[in-house]
Amino acid sequence: REKPKAEAAPKPRQAPTDEAQMAAAAALARMELKPRPKLLPAPEAIKKHVRKELMAEAAASEKGVSEEEKDVTSPAEEGAAAPSVSGIYFICPLTGAVVRKDKKEKHLREAIQSYFSVDPVAASIMEIHTFNKDREKVRVGVETMAKYLDNIYLHPEEEKYRKIKLQNKVFQERISCLEGIHRFFQAIGFETKTLPVPGQETTEEYYILKEEMLTKLEDIKDYKEQLLSSEPVRAQLDRQLCVFKPSPEAARFELPNDFYNLTAEEIRREQRLRTEAVEKASLLRTRAMREKEEQREMRKYNYTLLRVRFPDGYILQGTFYARESVSVLYNFVREALRDDWLPFELLGPGGLKLTDENLAFNECGLVPSALLTLAWDAAVMADIEAAGEEQPASALKQELLSRVQTLS
């Protein structure tokens, strides 16, 4: 199966097909976890059932189309200017669904939860790596668990390695605190038992490895390797690629609050204070003060909306992380070209060439939005012209031009 490719400009309110979701799940399993065909050959019917179950739950809770999605389809109903983009969206790698930023974690949880019916071991490992935010704690906990499993694999005849006391200090401090850990132990063949303490009248709880797992020691080793090698499940930022006709409105941006690392009230207050103090600040600030303020400005934005205007006037738009490098934008533009080999330069506001592709957008002042200009390599274009080759009306791919929009 081929790795699924996200649509060039997916509409946030459109759910992916069952086939797209199944392909995405299969691709994630190949990337995130080492393949184990002999252990977990999940039938396509089960995967399809999981995806349908997840989508059915979402449809039941949101009644098909949520009010939020309705607002996205008609943002101008409240009388405000239509936003340049309706918000920040992400693509779930498990289902292929496009979800708003504020719904991302909830959707990931539901997707992983549904994945338990396909592969409980993989799903529990996803939980451990995805929902425990302290990466150092995850590393320590995972390495400790790997030692437990190593001892079982290397010394299967020793009963002490097949028992883990839940109240053990190391277990409590390093392992038990991790989300998803108990479901992992259950998935790989442990069960909870209450056993008497030798020489005392008290009892304690233990994880005990089931007897049948002693015949599946290679599986135990494989689970350990998966646990150590897996990475968090991360939703991919949806670029929301758009192409617009030539427009004098290209430099006008209306951004939703998703682009700011501030509350709506903080944004309004900041704008008011800036308007009142702009004249005074420009006169009294020292260079050090200006640089310090610029650093604060950089941290305010998590995302940026960038437009690239082509020589023929067409405009290519995409959403990016504020800390992504300029090289990402060059690749984004190149992938939209009919002939991706054509050399070009990108010019920022004021005509400044973006030559250092390692710089982040917020380091170049390209946040929270910016209009850039694309310039072809003059020598190459002259050679093409001299060769008398017939050039298409636009350098953009035809499939992008077929859904060109008009900037409002």
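**Entry 1: Lys300**

I began with Lys300, which sits in the loop between α11 (287-299) and β8 (303-309); here helices (H or I, at least four residues) and strands (E, at least two) are DSSP runs, numbered from the N terminus. Residues are numbered from 1 along each chain as its sequence is written, and side-chain values use heavy atoms, with hydrogens and water left out. I noted that this is a predicted model, in which local features need pLDDT of at least 70 and side-chain atom pairs count only at pLDDT 80 or more, while totals for chains, interfaces and linings use all residues.

Is Lys300 buried or exposed? Lys300 counts as buried, at 14% relative accessibility, where buried means under 20% relative accessible area, exposed means over 50%, and partly exposed lies in between (1.4 Å probe, protein chains only).

**Entry 2: the whole chain**

I then stepped back to the protein chain, which has 14 helices and 11 strands. Of its 408 residues, 40% count as buried. With contact taken as heavy atoms within 4.5 Å, I found that among contacts between residues at least 6 apart in sequence, 72% join residues at least 24 apart.

**Entry 3: two helix pairs**

Two packed helices are described by the angle between their axes and the distance between the axes. The axes are lines fitted to C-alpha atoms, for helices over the stretch in contact, and angles run from 0 to 180 degrees between N-to-C directions.

For helix α4 (residues 104-115) and α5, I noted axes that come within 8 Å and cross at roughly 155 degrees. The two helices are therefore roughly antiparallel to each other; angles under 35 degrees count as roughly parallel, over 145 as roughly antiparallel, 65 to 115 as roughly perpendicular and the rest as oblique. On the α4 side I listed Glu105, Leu108, Arg109, Ile112 and Tyr115, which meet residues of α5 including Pro120, Met126 and Phe131. The residues of this contact of α4 with α5 divide into eight nonpolar, one polar and three charged, where Ala, Val, Leu, Ile, Met, Phe, Trp, Tyr, Cys and Pro count as nonpolar, Asp, Glu, Lys and Arg as charged, and the others, Gly among them, as polar.

Helix α6 (residues 135-154) and helix α7 (residues 169-176) pack at an angle of about 130 degrees, with their axes 8 Å apart. That angle makes α6 oblique to α7. In α7 I found Val170, Phe171, Arg174 and Ile175, which are met by residues of α6, among them Val140, Met145 and Tyr148. The contact of α6 with α7 has six nonpolar, two polar and two charged residues.

**Entry 4: helix α9**

Which residues of α9 are buried? I listed Leu217, Asp219, Ile220, Asp222, Tyr223, Lys224, Gln226 and Leu227. What covers them includes α5 (120-131), α6, α8 (181-187) and β5 (203-209).

**Entry 5: strands**

Three strands form an open sheet in the order β2-β1-β6, with antiparallel pairing; two strands pair if DSSP finds at least two bridges between them. Because β2 (98-100) and β6 (236-237) stand at the edges with a single partner strand each, one side of each is left without a neighbour in the sheet. Strand β1 (residues 89-91) is joined to β6 by two bridges, and Phe90 stands opposite Leu237 in β6.

Elsewhere, seven bridges join strand β4 (residues 190-196) to β5, and the two run antiparallel. I saw Leu195 opposite Glu204 in β5. The hairpin of β4 and β5 has six residues between the strands, and there Gly199 takes a positive phi near 80 degrees.

**Entry 6: single residues**

Gln240, in the loop between β6 and β7 (242-244), has a positive phi of about 50 degrees although it is not a glycine. Gln240 is buried, with a relative accessible area of 8%.

A cis peptide bond joins Val367 and Pro368, with omega of about -5 degrees. I placed Pro368 in the loop between β10 (344-347) and β11 (369-376).
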